[in-house]
Amino acid sequence: MDTLASQASQASQASGHTGQALELAGDLAWYWLLRGRLGEARRRLRSTLALEGAASHADARATVLAWLAGFDLLSGEHSRPFGPGTDEAAEAARAIGTPAARGRALWFLGYVLATVGDPERGERLSREALELFRASGDRWGAAAALCDLTTYTLASGQLDAAREAARESAAVFAELGDGWGQVQASFPLGALAGITGDYEEARGHHERSLDIARRLGLWPEVSYQLSWLGRVELLTGDLAGARDLHEQARRVAVEHGFRPGEMYARTGLALGARKEGDLDTAYEHLLALREWHRLVDLESGNTLILAELGFVAEQRGDATAARALHGESLALARKVGDPRACALALEGLAGAHALTGEYEKAARLLGAADRERTAVGAPLPPAERGDVERVTAVITAAIGVAAFAAEHRLGGENTESAAQETPA
């Protein structure tokens with residue numbers, strides 16, 4: 001691969017070899033992605049696009065544009081003046097003459113947007129790519145696009161659809177012997193196991209994938225798998241173990257310049273710090289995450305961050321800030337159509353209302369949240385009930401168990417009414 005990189009560099013120095021340089025750069029992009037060498041990728045791709053005559057090699061140029069736009073987004077530089085935006089790159093990719101190359105370019109843009117970006121556009125691109133792959137009989141491509149689509153079905157609460165797509169994707173990658181693909185498919189399978197409270201299954205998926213990623217030198221995936229294992233430890237109560245795994249994940253990501261992995265690890269560190277009662281550390285991580293999401297236009301990612309900031313405010317006794325943050329999180333969760341994020345915001349609002357003595361309202365909000373989760377087949381497992389139990393204890397101490405149960409039931413029966421909230 002380093003030999004190819006040298007060849008690409010040499011070719012890029014001669015305008016007469018522009019087409020060759022573009023093709024080599026497009027081929028190398030996959031290697032750069034697997035190794036997490038985003039900085040190198042962006043420099044090489046940008047210099048290749050600047051070669052004289054690049055515009056006359058439309059298909060190869062469009063492929064390089066797609067890779068560059070995706071790498072820019074992964075690096076936190078999502079639009080001009082840094083480089084081509086994903087909209088421009090997608091438009092160019094749709095004009096690629098070869099269906100296979102067109103599908104790969106669109107797939108990569110959808111893959112990136114599934115990680116950090118606009119979920120609506122990402123899903124659209126992934127579905128476009130899936131159609132092209134299926135029409136051309138590209139099983140690897142179809143499995144990759146299906147795996148990306150689980151991100152959207154999970155977020156929208158379609159757990160059965162996500163499970164079916166993830167299993168199909170995993171089976172194809174296993175049959176093809178593709179280690180990278182098997183690692184990709186482990187995320188939705190592990191996430192689904194965690195949602196249903198089967199932490200041993202979740203741990204197994206991520207441990208197997210971590211072994212594959214380390215063996216193949218897939219450093220971005222090593223970082224992700226360490227973070228996912230850290231999430232499992234959070235859910236099973238090993239806070240020190242979770243902190244260690246997330247710190248490992250962050251170090252690997254920083255060493256390889258992989259910002260999404262660094263931010264994902266910081267999310268786990270924020271969650272763990274709040275569980276440990278270290279609200280200052282949690283707050284510091286959460287502010288950095290909110291800024292990162294602003295840089296990459298990942299609005300949907302802020303549902304969790306806003307909710308966590310709201311819980312920090314509530315635990316500090318600031319009811320006004322807590323209501324505002326959870327109200328913002330709820331509005332965003334409704335906008336992106338994520339029922340579990342809606343439930344989390346409702347639980348946060350319940351805590352804010354309990355803080356100001358509005359116990360009946362708080363109980364109804366918990367009932368509404370419970371209904372949201374149950375409706376998509378994802379009730380809170382015991383390990384994730386810490387905030388709900390903490391708020392419930394405050395409410396029942398004030399109004400009694402019977403009154404709490406009655407108000408909770410009312411909230412579940414009339415979710416819309418219970419969830420009506422004007423942030424302070």
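This is a short chat about a predicted model of one protein.

Visitor: Where is the pLDDT below 50?
Guide: One such stretch is residues 11-15. Beyond near neighbours in sequence, residues 11-15 have 7 contacts in the model. Residues 79-83 also stay under 50. For that stretch the model has 7 contacts beyond four places in sequence.

Visitor: Let's do helix packing. At what angle do H19 and H20 pack?
Guide: About 140 degrees, with the axes 10 Å apart. H19 covers residues 359-375, and H20 covers residues 386-399.

Visitor: Left-handed or right-handed crossing?
Guide: The crossing of H19 and H20 is left-handed.

Visitor: Which residues in H19 and H20 meet?
Guide: From H19, Tyr-359, Glu-360, Ala-362, Ala-363 and Leu-366. From H20, Val-388, Val-391, Thr-392, Val-394, Ile-395, Ala-398 and Ile-399.

Visitor: And by class, what does the contact of H19 with H20 have?
Guide: It has 10 nonpolar residues, 1 polar and 1 charged.

Visitor: New topic. Glu-314: buried or exposed?
Guide: Glu-314 counts as buried, because its relative accessibility is 8%, under the 20% cut-off.

Visitor: Where does Glu-314 lie, in which helix?
Guide: In H16, which spans residues 302-315.

Visitor: What does Glu-314 touch?
Guide: Not counting residues up to four places away in sequence, Glu-314 touches Ala-322, Gly-351, Ala-352, Leu-355 and Arg-390.

Visitor: How far apart in space are Glu-314 and Ala-343?
Guide: They are 17 Å apart, C-alpha to C-alpha. In sequence they are 29 residues apart.

Visitor: Now His-285. Buried or exposed?
Guide: Buried, because its relative accessible area is 7%. His-285 lies in helix H15, residues 279-295.

Visitor: Which residues is His-285 in contact with?
Guide: Arg-250, Arg-266, Leu-269 and Ala-270, leaving aside neighbours within four places in sequence.

Visitor: On to Val-222. Which helix?
Guide: Val-222 lies in H12, residues 219-236. Val-222 is buried, with a relative accessible area of 2%.

Visitor: What does Val-222 touch?
Guide: Leu-210, Ala-213, Arg-214 and Val-252, not counting residues up to four places away in sequence.

Visitor: And what separates the C-alpha atoms of Val-222 and Ala-249?
Guide: A distance of 7.4 Å. Along the chain, Val-222 and Ala-249 are 27 residues apart.

Visitor: What about Ala-93, buried or exposed?
Guide: Ala-93 is buried, with a relative accessible area of 0%. Ala-93 lies in helix H5, residues 86-93. Leaving aside neighbours within four places in sequence, Ala-93 is in contact with Ala-62, Arg-102, Ala-105 and Leu-106.

Visitor: Last one, cysteines. How many disulfides does a search of the whole structure find?
Guide: The search finds 0 disulfides.

Visitor: Is Cys-147 buried or exposed?
Guide: Cys-147 counts as buried, at 7% relative accessibility. Cys-342 counts as buried at 7% relative accessibility.

Key: Residues are numbered from 1 along each chain as its sequence is written. This is a predicted model: local features need pLDDT of at least 70, side-chain atom pairs count only at pLDDT 80 or more; totals for chains, interfaces and linings use all residues. Side-chain values use heavy atoms; hydrogens and water are left out. Helices (H or I, at least four residues) and strands (E, at least two) are DSSP runs, numbered from the N terminus. Buried means under 20% relative accessible area, exposed over 50%, partly exposed in between (1.4 Å probe, protein chains only). Contact means heavy atoms within 4.5 Å. pLDDT is the predictor's confidence in each residue, from 0 to 100. A disulfide is a pair of cysteine sulfur atoms within 2.5 Å. Axes are lines fitted to C-alpha atoms, for helices over the stretch in contact, and angles run from 0 to 180 degrees between N-to-C directions. A crossing is left-handed if the near helix is turned anticlockwise from the far one by less than a right angle, and right-handed if clockwise. Ala, Val, Leu, Ile, Met, Phe, Trp, Tyr, Cys and Pro count as nonpolar, Asp, Glu, Lys and Arg as charged, and the others, Gly among them, as polar.
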